[in-house]
Amino acid sequence: VERYLAHLRAERRLSPHTESNYRRDLAALAAFCDAAGLVDWKVLDAQHVRTFAARQHRGGLAPKSIQRQLSALRGFFAYLIREGVLAANPAVEIRAPKGAKRLPSTVDADQMARLLAPPADDPLARRDHAMMELLYSSGLRLAELVGLDLMDLDLEDRTVRVLGKGAKTRIVPVGRQAIVALRTWLSDRSSLAKPGETAVFVGSTGRRLGARAVQQRLAQAARRQGLNLKVHPHLFRHSFATHLLESSGDLRGVQELLGHADI
């Protein structure tokens with residue numbers, strides 16, 4: 001183990017924190033081997049590694065931590081193969097237990113109504129209102145929102161063309177309130193945007209608004225409304241999906257509107 005750590009220091013320039021994690025993970029494995037009477041790395045097989053991971057899980061270690069441990073073990077065993085100690089990597093097929101999936105947070109209809117309250121008489125506030133209306137109306141991702149160009153909007157048809165994950169394009173409907181908010185913002189935008197700028201949403205510089213700026217503006221909007229919530233762009237997407245599913249029961253339709261490959 002010490003030779004392996006020295007090898008990592010020399011070849012990968014490990015930080016002290018990372019080296020400490022590797023040392024702890026490999027010490028846990030060595031302790032397991034001692035307790036199991038395994039006196040040589042050569043006798044360690046995949047079943048031993050699987051048992052080690054299971055014991056770590058039963059001992060309360062989180063799946064992500066076990067995943068990190070197994071990654072450390074795979075690297076160590078690869079080193080032993082290189083040194084001629086092992087013929088095969090016993091950890092290569094072992095996977096950590098799956099962690100519990102948390103449901104995404106949402107807001108109820110009343111809280112959403114407060115977030116979407118009429119904006120102050122300020123162009124950037126009206127822009128923020130249009131962004132929130134569109135996020136909630138059409139379930140867009142943050143990257144999809146900031147990537148929108150003017151040609152992607154069809155206000156007459158009440159649709160927006162979105163470039164989603166994997167460069168997949170989808171066309172989603174835009175609600176009535178969002179259309180009103182977008183029309184209002186676009187009249188303000190014409191005096192703010194730099195010549196040639198194609199983005200739907202621009203900042204005070206006249207250029208395309210960045211993702212971080214959107215996150216900050218949404219958080220500010222929540223504070224102004226006195227909502228004790230951590231408001232972020234994905235909250236609108238999850239709320240859109242939840243409220244639509246509650247009202248329609250059409251899971252497949254919601255999947256298509258969100259652009260999810262897997263239902």
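In which helix is Asp25 found? The points below take up that residue and then the rest of the chain.

1. Basis of the note. The model is a predicted one, in which local features need pLDDT of at least 70, side-chain atom pairs count only at pLDDT 80 or more, and totals for chains, interfaces and linings use all residues. Residues are numbered from 1 along each chain as its sequence is written, and side-chain values use heavy atoms, with hydrogens and water left out.

2. Asp25. This residue is found in helix H2, where helices (H or I, at least four residues) and strands (E, at least two) are DSSP runs numbered from the N terminus. Asp25 is buried, with a relative accessible area of 2%; buried means under 20% relative accessible area, exposed over 50%, and partly exposed in between, with a 1.4 Å probe and protein chains only. Not counting residues up to four places away in sequence, Asp25 touches Arg68, Gln69, Ala72 and Leu73, a contact being heavy atoms within 4.5 Å. From Asp25 to Gln69 the separation is 44 residues in sequence, while C-alpha to C-alpha they are 5.5 Å apart in space.

3. Aromatic pairs. Rings of Phe, Tyr and Trp (its six-membered ring) pair if their centres lie within 6.5 Å, and planes under 30 degrees apart count as stacked, over 60 as edge-to-face and the rest as tilted. By this rule there are seven aromatic pairs. One of them joins Trp41 and Phe77 edge-to-face, at 6.5 Å centre to centre and with 70° between the planes. This pair links distant parts of the chain, since Trp41 lies in the loop between helix H2 (16-36) and helix H3 (46-58) and Phe77 in helix H4 (residues 63-82), 36 residues apart. Trp41 is partly exposed, at a relative accessible area of 23%, whereas Phe77 is buried, at 0%. Both rings belong to one aromatic cluster, formed by Tyr4, Tyr22, Trp41, Phe76, Phe77 and Tyr79.

4. His129. Helix H6 (residues 123-138) holds His129, which is buried with a relative accessible area of 13%. Leaving aside neighbours within four places in sequence, His129 is in contact with Leu116, Ala117, Pro119 and Ala181.

5. Arg158. Most residues other than glycine have a negative phi. Arg158, however, has a positive phi, near 60°. Arg158 is placed in the loop between strand S1 (153-154) and strand S2 (159-163), and this residue is partly exposed, with a relative accessible area of 40%.

6. The chain as a whole. The protein chain has eleven helices and three strands, which follow the pattern α-α-α-α-α-α-α-β-β-β-α-α-α-α along the sequence. The radius of gyration of the protein chain is 26 Å, whereas a compact globule of 263 residues would have one near 18 Å; the radius is taken over C-alpha atoms, and the globule rule is 2.2 Å times the number of residues to the power 0.38. Along its principal axes the C-alpha trace spans about 75 × 45 × 35 Å. Of the 263 residues, 40% count as buried, and among contacts with a separation of 6 or more, 55% are accounted for by residues 24 or more positions apart.
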